[in-house]
Amino acid sequence: MARSDSAVADDGCDQAPLSRADFEARLRAKGSRYHIHHPFHKAMYAGELTPQQIRGWVANRFYYQIMIPQKDAAILANCSDRETRVKWIQRILDHDGADGDEGGIEAWLELAEAVGLERDEVTDLRYVLPGVRFAVDAYVSFARSATWQEAACSSLTEMFAPEIHRSRLNTWPQHYSWIDQSGLKYFQKRLGEARRDVEHGLDVTLDYFKYREQQEKALGILQFKLDILWTMLDAMTMAYVHNTPPYHSCDNGVYLIPE
């Protein structure tokens, strides 16, 4: 069925493209939906989370951390541009590590130890909630099936990441003195890496999504990634704040984080 003219106008197909500056401003405005505004994170920065809730967050976010290199590998596999691949591969090294750099995954495991978790209970993923796993897997699946430019656009939540890392560095020592400060280096490490990643990812997005319909799609892709991050915290809130089982048929004991 052919679409009406009004339908075309509604989805932005016949509108003039946004200028590069306006398009970037629309992308950055999505920061109002970033998960720093989620009630779980607000409670974290206010010092209101219990040790169990902090540990639950760290254990579940580990699943996201280990899947990020797979997401970036999918982008590389779909990317035909050598220059982009040369730059993008650094993201995998940042997480998996390389000579002289332990990598973000190792730094996250040190964070886990700092909050009182054992490595094996984090690496065997025993605490990963079904909702968290589903959201993260959906993100990786998107990266594998989308064009590399679309998948690169989804990474632009990094635009908002420095603020969230600074918030943790500023508030955790004050509110959670029981956490070994040496475990916070992941957040310090990502401050610089996120800024670098944003510059490249933003250039790719602004260069590729030139027409209004494309630009609206890019904004939707970024919102999809924001929804992934928000949904992860929704699952953790249900489990660790409201003490609600992930599914009625699940054995609660599997998901209980040590006090």
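Tutor: Happy to! Let us start with helix α8, whose buried residues are Pro130, Val132, Ala135, Val136, Tyr139, Val140, Phe142 and Ala143. Buried here means under 20% relative accessible area, exposed means over 50%, and partly exposed lies in between, with a 1.4 Å probe and protein chains only. Helices are DSSP runs of H or I with at least four residues, strands are runs of E with at least two, and both are numbered from the N terminus.

Before going further, a word on the source: this is a predicted model, where local features need pLDDT of at least 70, side-chain atom pairs count only at pLDDT 80 or more, and totals for chains, interfaces and linings use all residues. Residues are numbered from 1 along each chain as its sequence is written, and side-chain values use heavy atoms, with hydrogens and water left out.

What covers those buried residues of α8? The cover includes α4, α9 (148-154) and α12 (212-240). As for length, the 16 residues of α8 should span 22 Å at 1.5 Å a residue, and the end C-alpha atoms are 22 Å apart, which agrees; the expected span is 1.5 Å times one less than the number of residues.

Now take the partner α4. Helix α4 (residues 51-78) packs against helix α8 (residues 130-145) at an angle of about 10°, with the axes 8 Å apart. That angle makes α4 roughly parallel to α8. Axes are lines fitted to C-alpha atoms, for helices over the stretch in contact, and angles run from 0 to 180 degrees between N-to-C directions. Angles under 35 degrees count as roughly parallel, over 145 as roughly antiparallel, 65 to 115 as roughly perpendicular, and the rest as oblique.

Contact means heavy atoms within 4.5 Å. On the α4 side the contact residues include Tyr63, Tyr64, Met67 and Ile68, and on the α8 side they include Val132, Val136, Tyr139 and Val140. The residues of this contact divide into 10 nonpolar, 3 polar and 4 charged. In that count Ala, Val, Leu, Ile, Met, Phe, Trp, Tyr, Cys and Pro are nonpolar, Asp, Glu, Lys and Arg are charged, and the others, Gly among them, are polar.

Leaving aside neighbours within four places in sequence, His95 is in contact with Gln65, Ile68, Pro69, Gly103, Gly104, Ile105, Tyr186 and Arg190. His95 sits in helix α5 (residues 82-96) and counts as buried because its relative accessibility is 7%. The His95 side chain reaches the backbone oxygen of Arg91 at 3.2 Å. With residues up to four places away in sequence not counted, Asp94 touches Gly103, Gly104, Lys189, Arg190, Glu193, Arg196 and Asp197.

Leu125 is found between α7 (119-123) and α8, and has a positive phi of about 65° although it is not a glycine. Most residues other than glycine have a negative phi. Leu125 counts as buried, at 17% relative accessibility.

Beyond α9, Thr157 lies in the loop between α9 and α10 (161-175), and counts as buried at 4% relative accessibility. Leaving aside neighbours within four places in sequence, Thr157 is in contact with Tyr34, Leu222, Lys225, Leu226 and Leu229.

Technical notes
Polar contact = N/O pair within 3.5 Å; in protein donor to acceptor, adjacent residues only side chain to side chain.
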